[in-house]
Amino acid sequence: MNVHTKPEIDAAYLSPVVTIKHGRVVANSRDVAQAFSKRHADVLRAIRELDCSEDFNQRNFAPFKIKDLTGESTSHVDMTRDGFVFLVMGFTGREAAKFKEAYILAFNRMEEELRSMGLIEDADDDVSVWGLPLRKVDTASRMIGVAHRVYGPDAARRLWEKDKSLPQLRRFAISRMVDTPIDDPHGCLRHLMSSEGRSQSTIGQMLDLGLRDEAAAGALRSHGILVNPGAQKGLVAIADDHPYLRGVFARTQWAGAWKQALIYLEGASRTRRQIIFSRGNSSQAVLVPSATIIKARHGGGLN
């Protein structure tokens, strides 16, 4: 049965949906995506890429498919409370925190109702992740979320790895706990602008000069960046694929996917044809208005 609960917390409009299946209280991935204002495809991908054991995955996530009203098969994942908590602990922001609380309260209320009906027995309330108390891991994930938003993904990773009691995660696990590529386009731009170019200046500093000086703009081509491509004034082309950019984003959540983030910047669009950036390096690109970059750098805190 479906249970729509409205926990009495800050926002009265919160209405998480939990369902009882096979004697367990579960949430559906589509409902979770809607509650947290995320694309369902991104939530499914986040579930697939969770850095958890196979045993934990099988016990707490149940994928299935159903046909929608058009007859097409659509993917869903049911998740237990533990699975839900593991998934959403990297969702950041004030509204996300409210929905986390609302969902957990909905799980708890339904489980209490089932216990009162004698349908389930008391379970161990000490939830653990990677063999550590959930509270510790959740606190650490929120801490690196703040570090990521303020200082970027590299600082977030260093902060996590500084605590030797936390597990050493796979290469991209920390970035995936924090966000998916499309969740933080300004973070992607910030990371690029603060990266050191081959002239020992940052890309942001090189771009400041390149927007004013044609010779300086030429130096950016070897970095996969072209100012005023094809005489299109007021635009900056950032390559979809380029050796320098692959290195810049290699250890971030945007590895191989920076174009997916940058296209969400204000006024951004895509090229239809490949652009030659440097010898042997041509690629389609994201076109970002130079005004958007200037505003972000000098009015929005980019370095």
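Asp240 lies in the loop that runs between strand E9 and helix H12 (243-248), where helices (H or I, at least four residues) and strands (E, at least two) are DSSP runs, numbered from the N terminus. The model is a predicted one, in which local features need pLDDT of at least 70 and side-chain atom pairs count only at pLDDT 80 or more, while totals for chains, interfaces and linings use all residues. Residues are numbered from 1 along each chain as its sequence is written, and side-chain values use heavy atoms, with hydrogens and water left out.

Asp240 counts as buried because its relative accessible area is 12%; buried means under 20% relative accessible area, exposed means over 50%, and partly exposed is in between (1.4 Å probe, protein chains only). The side chains of Asp240 and Arg270 are joined by a polar contact of 2.3 Å, a term for a pair of N or O atoms within 3.5 Å, of which, within protein, one must be able to donate a hydrogen and the other to accept it, and for which residues adjacent in sequence count only if both atoms are side-chain atoms. When neighbours within four places in sequence are left aside, Asp240 is in contact (heavy atoms within 4.5 Å) with Trp258, Lys259, Arg270, Ser283, Gln284, Ala285 and Val286.

## The sheet from E8 to E10

Four strands form an open sheet in the order E8-E9-E13-E10, and their pairing is antiparallel; two strands pair if DSSP finds at least two bridges between them. The edge strands are E8 and strand E10 (269-270), each of which pairs on one side only. Between E8 and E9, which run antiparallel, there are 3 bridges, and Ile225 stands opposite Ile238 in E9.

The loop between strand E8 (225-227) and strand E9 (235-239) holds Gly234, which counts as partly exposed because its relative accessibility is 32%. Although Gly234 and Ser290 are 56 residues apart in sequence, their C-alpha atoms are 5.3 Å apart in space. Leaving aside neighbours within four places in sequence, Gly234 is in contact with Asn228, Val288, Pro289 and Ser290.

Not counting residues up to four places away in sequence, Leu192 touches Ile203, Ile225, Ile238, Leu245, Val248 and Phe249.

Helix H10 (residues 203-210) is mostly covered, with 6 of its 8 residues buried.

Strand E5 (residues 73-79) is mostly covered, as 5 of its 7 residues are buried. Strand E4 (residues 61-67) is joined to E5 by 7 bridges, the two running antiparallel, and Phe61 stands opposite Met79 in E5. Strand E3 (residues 24-28) also pairs with E5 in the antiparallel sense, over 2 bridges, and Asp78 in E5 is the bridge partner of Asn28.

Gly90 is found in the loop between helix H4 (81-88) and helix H5 (94-116), and it counts as buried because its relative accessibility is 5%.
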